[in-house]
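Hi everyone, thanks for coming along. I'd like to walk you through one model today, chain by chain and contact by contact. Have a look at it first, and then we'll start.

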Amino acid sequence: MPEAREAILSAVRTALKRSKGQGIPQPPALDLSFIDTPVADRIAFFRAAIEKLGGTVSEVPGIAEARGRAVELIGARSTVCSSAAIVADCGFAPPAGDLREACASADCGITSADYALADTGSLVLFSSATEPRMVSLLPPCHIAIVPESVLLTSLEELFVREAMPAERSSAMVIITGPSRSADIEMILVRGVHGPGEVHVIFVAGH
Amino acid sequence: MPDAYKQQIKDTVGDPRLQIAIYNNTGRLVENRKSVVSTEALPGYQGLRDQGHAIKKHTLDHLDHYLELAEKNITARGGKVVYARDSAEACEWIAQLAEKRGVKLLVKSKSMTTEEIELNHALEKRGVEAVETDLGEYILQLNDEKPYHIIAPALHKTRFDVADIFERKLGGAREVVPEKQTQIARRVLREKFLAAGIGVTGANFVVADSGAVVVVENEGNARITSSAPKIHIAVAGLEKLIPRAQDLAVFLKLLARSATGQPLSVYTSFLSPPKRSNEQDGPEEFYLLFLDNGRTRLLADEGKRESLYCIRCGACLNHCPVYRKIGGHSYPWVYSGPIGAIITPQFMGLAKDPWLPYASSLCGACAEVCPVKIDIPKHLLTLRHEVTEMRTREGQNRLEKLAFRLWSYAMRHPRLYESLGKLAAGAAPNPANEAWIKKLPSLLHRGPVAAWLSERDLPPSPAKSFREQWRERQERRHNA
Amino acid sequence: MARRVSIFVTCVIDQMFPQVGLAMADVLERAGCEIDFREAQTCCGQPAFNTGYRDEARQVAKHFAAVFNDAETIVVPSGSCAAMIGHHFAELFDTGESPFHGRVFEFSQFLTDVLGVEDFGARCDAVATYHDSCHSLRELKIKSGPRKLLAQVRGLELREMDAVEECCGFGGTFSVKFANVSGAMARTKIDAIIKTGADTLISADSSCLMQMRGALSRAGSSVRTMHLAEVLASR
């Protein structure tokens with residue numbers, strides 16, 4: 001609707017008494033400062049935040065232990081895995097057939113994360129060649145194996161590191177705990193459309 | 001004020017079950033918010049509000065620039081920006097796209113903007129099934145109701161209401177436990193998600209420097225809506241723009257805290273589709289539909305422009321003592337509560353619901369909690385002024401206008417004011433009770449005195465006014 | 001030399017609750033002020049302003065301005081009227097600031113913030129609860145002052161009510177334009193008041209007190225209402 005575009009832009013300019021192509025001042029300055037805390041503290045903050053939401057955190061010394069912890073969490077359930085390096089290192093393989101089918105039918109989705117945020121207990125995942133959107137989304141349980149080195153302090157630090165998330169990926173998702181709803185009588189229910197279980201395994205030295 | 005709303009308000013106020021549901025549920029949201037914006041929980045909260053306000057002001061004051069910037073960046077990544085002047089244009093465009101792509105099923109995540117344009121009904125008429133996927137919205141769609149609240153659409157429904165609706169519309173065994181009800185919805189909707197050809201979301205923010213939309217939610221339905229179907233359409237009001245991705249460090253902190261009392265919502269999706277060539281999943285086509293529908297009209301009004309800063313958190317509803325009595329369905333449009341009372345007349349024109357700005361006790365609780373510091377009471381007062389001007393022009397308020405003119409005259413003439421005061425005091429026998437009003441001429445059975453007495457008693461009139469007693473007091477002192 | 005204080009008693013107190021004005025004068029005199037009551041005073045214009053009749057409100061505001069033009073300090077026993085004069089006059093006169101900004105004070109604010117006195121030697125045997133009026137609280141940021149004043153009153157026990165910052169539902173013409181909503185708000189408020197077990201409800205705005213008193217009386221409650229000035233004047 002090209003005529004709508006012109007009409008709206010022209011109405012906006014008239015409303016603002018601006019002319020086409022007129023320059024603008026700098027947007028307000030932002031304070032993106034954050035307090036850099038030691039890794040041990042970050043993990044403690046992350047744990048406190050995600051446990052409050054019903055998620056869990058494990059800290060493991062290496063890849064073998066990460067695999068062990070994941071296997072323990074999975075139990076007898078079926079899985080679908082991303083092909084992120086650390087997930088592959090743990091010996092989990094991505095599905096051979098249709099990805100969406102695999103995600104829709106699996107009990108547990110296993111991914112890594114590009115970042116984690118200590119303040120809020122969040123995982124940050126960029127959709128990529130190795131990390132599809134659906135693995136952390138369709139299965140009822142999400143297990144994330146995350147290198148300790150990507151655990152940041154806060155949203156501020158994330159946006160300092162990633163000022164232009166769109167340059168990396170068509171989708172950056174910040175996941176903060178299990179899927180939930182309180183739409184019926186404000187009663188908290190987990191696992192509405194996304195995973196009702198979220199487990200994070202931080203791998204030291206990675 | 002139309003009788004339908006009068007009746008709706010009367011029914012809501014008179015329904016004890018509904019009153020408890022509204023008051024308790026909004027009360028929960030009030031308490032949740034309080035715990036995360038306290039000085040201990042978030043020392044910089046007031047500073048964040050100032051920043052949020054300043055960023056929105058900057059963006060709206062230069063909106064043409066940011067619209068074009070967003071469009072440029074979205075287009076560069078293979079997305080497409082579409083503009084719609086009103087609801088009809090927006091719905092028509094979406095329906096045509098569905099027809100062109102042969103799509104018969106469309107999934108939607110919760111979006112006030114698509115409620116505003118009544119997209120579902122428009123699509124239904126064109127043979128396209130549009131399914132709401134947010135749990136609360138889904139319940140309401142099954143029952144053909146509009147949302148009761150900006151962020152808690154089914155706030156007025158009990159689990160028993162939900163059981164009735166599911167039983168009637170979906171069949172199967174009656175289920176009254178919310179957890180099980182949720183699982184029923186999950187199963188039904190999962191199939192819809194995977195079969196749908198188009199996913200429609202709203203946008204909490206449109207990020208100009210990135211050409212991205214940000215969708216914030218708790219359930220995961222917006223993620224699936226924007227990831228599973230081949231086509232993603234985001235519908236956003238023009239005012240949803242922010243300049244930079246980094247601005248989200250401010251707005252994300254404000255939004256979830258103000259809305260539900262969470263430090264961050266469960267899912268924040270920062271989306272710049274279509275999917276890149278190396279990505280394994282995600283939509284192949286992306287459209288951002290910018291909706292005007294009255295917004296440019298409001299934009300032109302510098303005094304009230306900040307009404308467009310709203311980030312739809314719903315905090316003003318939860319804190320509004322009037323909303324908490326009359327509920328969401330007593331407001332004439334999808335936007336209810338204090339923010340609805342100021343934007344409805346500005347989007348739709350004053351003439352449509354001139355009573356709306358009066359549905360407030362001007363207590364100011366809304367402005368106190370607004371995360372972007374919109375001075376809602378100030379705009380309510382301005383709108384009331386505009387309404388009286390309009391009604392005076394059209395001769396619709398002759399009696400009220402006359403009353404205020406006479407009142408104003410009396411208040412400028414202290415002697416007259418005093419005599420009238422005495423007259424009024426004389427007309428109100430002591431002690432005040434319901435009996436005396438019945439003795440008055442029938443004219444007074446209507447009007448403000450009767451309205452007051454319909455709910456409350458009046459205090460007894462004093463024998464002497466302050467000024468009379470003051471004169472006596474000074475005289476006594478003088479003589480002493 | 002005694003501080004000269006001009007009092008604006010408000011139309012509501014003048015006509016309906018004269019004892020509140022007298023109590024305020026007593027308390028101010030006790031604090032060493034010399035009272036100036038200007039007989040030409042009537043109303044601040046708020047009823048018209050809040051209903052949208054700005055021309056009518058402006059005329060009344062001009063009358064107020066003429067009466068109090070040379071007053072150095074104006075004290076008002078109502079947060080709502082004080083906010084109208086100190087803040088909203090700016091909108092009526094289209095000036096950046098109200099001509100009375102900085103010299104008009106709500107009664108309790110004047111005592112605690114200007115005079116810096118909290119103890120007036122008052123005695124009032126009561127179990128009381130205090131209602132923050134919306135305009136005192138949100139437009140004038142008055143919260144702790146009245147409580148500090150009440151803490152010095154002998155024989156008075158103060159109990160906070162639930163949702164103490166929630167509106168009583170008065171809202172000027174709102175109370176009659178939306179009488180049933182206003183009444184429902186008042187009932188929620190008086191439930192909270194009654195729940196405290198207090199026998200006295202105190203506030204610093206007579207219109208809020210009129211609303212809650214009317215609802216208490218309609219509900220058959222024996223809780224009495226007192227303006228803060230009356231409590232401080234009690235012996």
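This is a predicted model: local features need pLDDT of at least 70, side-chain atom pairs count only at pLDDT 80 or more; totals for chains, interfaces and linings use all residues.

B:Pro274 sits in the loop between E9 and strand E10 (285-291) of chain B. The peptide bond joining B:Pro273 to B:Pro274 is cis, with omega at about 0 degrees. In general, most peptide bonds are trans, and most residues other than glycine have a negative phi.

A:Met186 is not a glycine, yet its phi is positive, about 60 degrees. You'll find A:Met186 in the loop between strand E9 (180-181) and strand E10 (189-190) of chain A.

B:Lys373 belongs to the loop between H17 and H18 of chain B. With 19 other C-beta atoms within 10 Å, B:Lys373 also counts as partly exposed.

Now let's zoom out to chain B as a whole. Its secondary structure comes to 23 helices and ten strands. Along the principal axes, the C-alpha atoms of chain B fill a box of roughly 100 × 55 × 50 Å. Chain B has 480 residues, and 55% of them count as buried. If you take contacts in chain B between residues at least 6 apart in sequence, 73% of them join residues at least 24 apart.

So how do the chains meet? Two pairs of chains touch, and the pair with the most contacts is A and B. Chains A and C make no contact; their closest C-alpha atoms are 20 Å apart.

Take the contact between chains A and B. Chain B puts in 76 residues and chain A 57 residues. On the chain B side, helix H10 (residues 178-195) gives the most, with seven residues. By class, that side of chain B has 33 nonpolar, 25 polar and 18 charged residues. There is strand pairing across the two chains as well: strand E8 (residues 171-175) of chain A and strand E9 (residues 267-271) of chain B pair in the antiparallel sense over five bridges. Within that pairing, A:Ile174 stands opposite B:Thr268.

On to the contact between chains B and C. Here 47 residues come from chain B and 51 residues from chain C. Several helices of chain B each supply at least two residues to this side, among them helix H1 (3-13), helix H18 (376-393) and helix H23 (466-479). The classes on this side of chain B are 25 nonpolar, eleven polar and eleven charged residues.

Next, the nonpolar core. The largest one has 278 residues, and the members with the most contacts inside it are A:Ile145, A:Ile201 and B:Leu289. Helix H12 (residues 248-259) of chain B brings the largest share of this core, nine residues. Leaving out residues up to four places away in sequence, the residues A:Ile201 touches include A:Val60, A:Ala66, A:Ile143 and A:Ile145.

Let me finish with chain C. It has an open sheet of four strands, ordered E2-E1-E3-E4, with parallel pairing. Strand E2 (33-37) and E4 are the edge strands, each pairing on one side only. On average, neighbouring strands of this sheet are turned by 35 degrees against each other, direction ignored. H2(C) packs on the sheet, touching E1, E2 and E3 of chain C, and its direction makes about 145 degrees with that of E2(C). Helix H5 (residues 79-93) of chain C packs on the sheet too, touching E3 and E4, at about 160 degrees to the direction of E4(C).

After H6(C) comes C:Gly116, with a positive phi near 65 degrees.

That's my tour; happy to take questions.

Terms used:
Residues are numbered from 1 along each chain as its sequence is written. Chains are lettered from A and ligands numbered from 1 in the order in which they are written. A residue is buried if 20 or more other C-beta atoms lie within 10 Å of its own, exposed if 12 or fewer, and partly exposed in between; C-beta atoms are placed from the backbone. Two residues are in contact if their C-beta atoms, placed from the backbone, lie within 7 Å. Ala, Val, Leu, Ile, Met, Phe, Trp, Tyr, Cys and Pro count as nonpolar, Asp, Glu, Lys and Arg as charged, and the others, Gly among them, as polar. Two strands pair if DSSP finds at least two bridges between them. A nonpolar core is a set of buried Ala, Val, Leu, Ile, Met, Phe, Trp, Tyr and Cys residues joined through C-beta atoms within 7 Å. Axes are lines fitted to C-alpha atoms, for helices over the stretch in contact, and angles run from 0 to 180 degrees between N-to-C directions.
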